[in-house]
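Student: Please take a close look at one part of this protein with me. I would like its packing described.

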Amino acid sequence: MTTSANGRRRPPTIHDVAREAGVSRGTVSRFLNGGHYVSPAARRAVEAAIRKTGYVVNRHARSLSTGRSDSVAFLLTEPQEKFFEDPNFNVLLRGCTEHLARHDIPLLLMLAATDDDRRRLTRYITTGHVDGVLLVSSHSGDPVAAELRDAGIPLVACGKPMGLGAKVSYVAADDRDGARDMVRHLLAAGRRRVGMITGPLDLPGGTDRLAGYREVLDEAGLPQDPALVAEGDYTRSGGEQAARRLLSRAPDMDAVFVASDLMAQGVVNALQQSGRSVPDDIAVGGFDDSPAATSVTPALTTVRQPFDRISAEMVRMLLAQIAGEDTAGVILPTELVVRDSA
């Protein structure tokens with residue numbers, strides 16, 4: 001803080017930084033707007049002056065001069081209760097927040113559960129209130145991704161948006177390969193009646209994990225039995241209900257691959273309530289390696305998604321788009337994590 005002519009304390013300004021650094025105001029401004037045409041010596045002097053004066057960027061003034069908001073939206077197209085129940089969303093939000101904080105960019109959480117929510121938030125985003133969007137859980141037929149893309153909004157999706165091909169940049173775990181690893185693991189343990197509880201089939205993870213499951217059954221010469229497949233919704237209660245459907249249709253099932261750890265918690269509960277032992281009677285494999293995997297007994301064998309890398313890549317690609325660069329799709333490898341359930 002410095003003292004004004006009337007004796008009041010005022011926050012330091014860009015002029016104070018320039019005076020302390022011994023450079024021009026223009027040099028400080030260029031440093032604050034990306035560092036273009038600023039020499040290493042001047043950069044070090046400005047950084048030291050900012051630390052000494054305690055200068056903080058006036059984001060409102062900066063947005064007026066640059067036409068940018070210097071903020072990013074984390075747009076989740078799911079109901080509010082799902083955000084609080086599913087630990088994956090919180091892990092992604094925390095990771096994206098941390099990576100953006102390194103660039104001094106705040107992240108705004110937006111939840112769009114209904115058509116009205118989507119219309120309102122799309123209007124808010126396209127009128128310049130944020131510089132770009134990290135889109136999470138975009139369902140097939142959801143118009144948000146296409147509308148934002150057509151409006152020229154920098155956009156990176158978590159998972160490949162269905163039906164848009166290469167038209168939207170995305171970061172995804174290799175869902176299909178992770179599913180293959182899990183089903184091969186169950187078969188290698190001697191299981192032959194392997195069921196699957198899928199994710200929602202209007203999400204890419206739902207379809208890709210099911211495809212991986214089917215591919216491994218084919219390569220093992222095992223039949224595709226529709227009675228062994230039930231669709232879930234990535235919730236604990238949904239997993240429990242799907243497990244009961246499988247047990248009624250295929251009581252000889254000896255293993256089940258569940259497309260999320262949260263659903264797998266419900267599956268383990270349903271199996272135990274039915275008198276089945278996990279893994280002795282029925283082995284259970286999950287997907288995600290979220291906190292849900294180790295908060296159930298027995299602890300889940302699962303497929304690890306690299307959430308921190310996903311968050312980092314989403315942020316990197318979005319900032320590149322905001323800077324005017326083109327970005328494409330990135331698929332990251334998964335890892336099988338063996339614990340007690342299978």
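Student: Which domains does the domain assignment of the protein give? After that, please go through the largest nonpolar core.

Tutor: This is a predicted model, where local features need pLDDT of at least 70, side-chain atom pairs count only at pLDDT 80 or more, and totals for chains, interfaces and linings use all residues. Residues are numbered from 1 along each chain as its sequence is written, and side-chain values use heavy atoms, with hydrogens and water left out.

The assignment gives domain 1 (14-57), domain 2 (72-173 + 307-333) and domain 3 (175-304). Such bounds come from an automatic or database domain assignment. The C-alpha centres of domain 1 and domain 3 are 56 Å apart.

Now the core. A nonpolar core is a set of buried Ala, Val, Leu, Ile, Met, Phe, Trp, Tyr and Cys residues joined through side-chain atoms within 4.5 Å. Buried means under 20% relative accessible area, exposed over 50%, partly exposed in between (1.4 Å probe, protein chains only). The largest core holds 43 residues. Ile-197, Tyr-213, Val-256, Phe-257, Val-258, Val-267 and Val-284 touch the most other members.

Several elements each supply at least two residues, including α9 (175-188), β8 (194-198), α10 (204-219) and β10 (255-258). Helices (H or I, at least four residues) and strands (E, at least two) are DSSP runs, numbered from the N terminus. α12 gives the most, with 6 residues.

Take Val-267. Leaving aside residues up to four places away in sequence, Val-267 touches Ile-197, Gly-239, Glu-240, Ala-243, Val-256, Val-258 and Val-284. Contact here means heavy atoms within 4.5 Å. Another core, of 27 residues, lies apart from the largest one. Among its members are Phe-74, Phe-307, Ile-310 and Val-315.
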